[in-house]
Every structure is written in structure tokens, then in C-alpha cells.
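Here is a briefing on one protein chain. Please look over the sequence and the model before reading the points below.

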Amino acid sequence: MMRSAVSLTFLLVLGLAWFLQVVPEPLILTEENFDLSRFMGRWYEVAVVSTCPHYMQHKRGYPVIVALELKHVASEGNFTRMAASFRNGSCKQMTTNYSLTSTPGRFFHHVARFGADVDSFVVRSRYDEYAVMLQLSTEKPSGNKTTKLKLYSRTLSVGAAVLDDFKTLVRQHGVNDDAIIMNQNKGECVPGEQVTQPVTAQPQSWKRNTVPPVVPAQEEDTGNV
């Protein structure tokens, strides 16, 4: 009887180990036939939401549109993201290098400040109008995980239909769409210049490819941009 119980326990443990190894992870859907060259260029970060309380507190305190410039050299396996926004009374610019991966529309970078590994996915894109970026990151060694979704636009505003799609996608990733922060237009941002008088902007107006997900969490602008 004892030997049978031990054998049964061993088989259960072995079966569990096999189950954990072979059960496929849920899939993240990225833009079908993603075209990196068309994704490059000027974008504006018009809306954001995150499961990171510190990031959300920061953004609520100063929800400003971030101007992005994406550049890729064909011979290199990465692209640069230059982000310019008003902070502490003047326009600041930050550059981040995103490494390309074998999956089109999926990128990787490391944030030394937070010890975080970040995977980014372009899950929606109408290249001449808008795009949605999903960012999943994990801080080490704490293992703290965060999910973040960002709505990019080629202009300073997006329409109601795009916002509704963004809210739907946010809910699909387990985030409350009521928490979405709409960034505000504070005027043209030129690095080094002082903040100008804010300008009011009104909000204006997806194919798929599957990749396995990674663990969620913080990214380069966790709490900052």
C-alpha cells in the first residue's frame, strides 16, 4: 500500500511537470504583416493606461502629449525612439533603443534604472493614422510585473471610433478602461525651451499575427516620460 501511494504521488508530480511544460501560453496578437518602415516616423502619444500605480499617479498629475520620433537604420537590428515632452518647466528629450526580434511588431529593451526587461508589441496599426502599443515588463530581482497600453496618433488627436477600439483592447488585457488617461496638448515641445502657454486640443479618429506573451511590468518611462 505504501509503495502504491509513493508511486501514485510520483506519477502525479511527473504529470504536473509535463502539463506545465506542454500547455501553451496564451497568445498576444500583433499586427498582421507588420511593416517596420511604415511604423517609423513621427507619432504622438495621446492616451495611456497602466497597472503600475506610480506611473498612473505621475501621468494624472501632468497628462501631457508626448511627441515621438522613431528611426531605423536598415543595416541595424534596432531602432531609436526619441520622446520629447514638457517636464519640470521645460521640454525634455529622452532616447531609447529598441531591439528588433524575430517576430515582426515585437521589440525588446532593458531599463537599467528599474532593472526592468520590457517587451513591446504593436497590436494595432493604421500606419498613417494611429497605432496601439502593448508593453509588458518585469523588474528584477523583485519580479514586479506591469502591463501598459499606449495609443499613438500621427496627429495631436484621435476620433471616438479609435478611442472605443482602444478601450476594448484595454479591457481584453485585464485593465480597467475607466483608468485611461487622455494626454493634453501643451504646445510645441523644443528641447531646452521653457513651457509655453498650454493649447487646448480635442480628441479626434486592426489584422493579426500571434506570438507567445512574456511576463508584464514597468518600462523606460515608469513614472516618467
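Trp-43 counts as buried, at 0% relative accessibility; buried means under 20% relative accessible area, exposed over 50% and partly exposed in between, with a 1.4 Å probe and protein chains only. The model is predicted: local features need pLDDT of at least 70, side-chain atom pairs count only at pLDDT 80 or more, and totals for chains, interfaces and linings use all residues. Residues are numbered from 1 along each chain as its sequence is written, and side-chain values use heavy atoms, with hydrogens and water left out.

**Aromatic rings around Trp-43**

- A search of the whole structure finds eight aromatic pairs. Rings of Phe, Tyr and Trp (its six-membered ring) pair if their centres lie within 6.5 Å; planes under 30 degrees apart count as stacked, over 60 as edge-to-face and the rest as tilted.
- Trp-43 pairs with Tyr-152 in a tilted arrangement, with 6.2 Å between centres and 40° between planes.
- Trp-43 lies in strand β2 (residues 41-50) and Tyr-152 in strand β9 (residues 145-153), so this pair ties together parts that are 109 residues apart in sequence. Helices (H or I, at least four residues) and strands (E, at least two) are DSSP runs, numbered from the N terminus.
- Tyr-152 is buried as well, with a relative accessible area of 2%.
- Ring pairs link a cluster made of Phe-34, Phe-39, Trp-43, Phe-79, Tyr-98, Phe-107, Tyr-127 and Tyr-152.

**Charges over rings**

- Arg-154 places its charged end over the ring of Trp-43, 3.7 Å from the centre. The criterion is NZ of Lys or CZ of Arg within 6 Å of the ring centre and within 35 degrees of the ring normal.
- Lys-148 lies over the face of Tyr-55, 3.6 Å from the ring centre.

**Nonpolar cores**

- The largest nonpolar core has 28 residues, and Leu-149, Leu-151 and Phe-166 have the most contacts inside it. Such a core is a set of buried Ala, Val, Leu, Ile, Met, Phe, Trp, Tyr and Cys residues joined through side-chain atoms within 4.5 Å.
- Two or more residues of this core come from each of β2, α3 (53-61), β7 (116-126), β8 (130-139), β9 and α4 (160-172).
- Another core, of 17 residues, lies apart from it and has Leu-36, Phe-79, Ala-131 and Met-133 among its members.
- Beyond its neighbours within four places in sequence, Leu-149 is in contact with residues including Ala-47, Val-132, Leu-134, Phe-166, Leu-169 and His-173. Contact means heavy atoms within 4.5 Å.
- In soluble globular proteins, nonpolar side chains tend to be buried together.

**Ser-120: a buried polar side chain**

- Ser-120 lies in strand β7 and is buried, with a relative accessible area of 0%.
- Its side chain makes a polar contact with the side chain of Gln-135, at 3.0 Å. A polar contact is a pair of N or O atoms within 3.5 Å; within protein, one must be able to donate a hydrogen and the other to accept it, and residues adjacent in sequence count only if both atoms are side-chain atoms.
- Not counting residues up to four places away in sequence, Ser-120 touches Tyr-98, Phe-107, His-109 and Met-133, among others.

**Thr-101 in its loop**

- Thr-101 lies in the loop between β5 (90-100) and β6 (106-111). Thr-101 is partly exposed, with a relative accessible area of 32%.
- A polar atom of the Thr-101 side chain lies 2.9 Å from the backbone oxygen of Arg-106. For the backbone oxygen of Thr-103, the distance to a polar atom of that side chain is 3.2 Å.

**Backbone features**

- Most residues other than glycine have a negative phi, and most peptide bonds are trans.
- Lys-140 and Pro-141 are joined by a cis peptide bond, with omega about 5°. Pro-141 is found in the loop between β8 and β9.
- Asn-33 has a positive phi, near 55°. Asn-33 sits in the loop between β1 (28-30) and α2 (36-39) and counts as exposed, at 62% relative accessibility.

**Whole chain**

- The chain has four helices and 11 strands.
- Buried residues make up 45% of its 225 residues.
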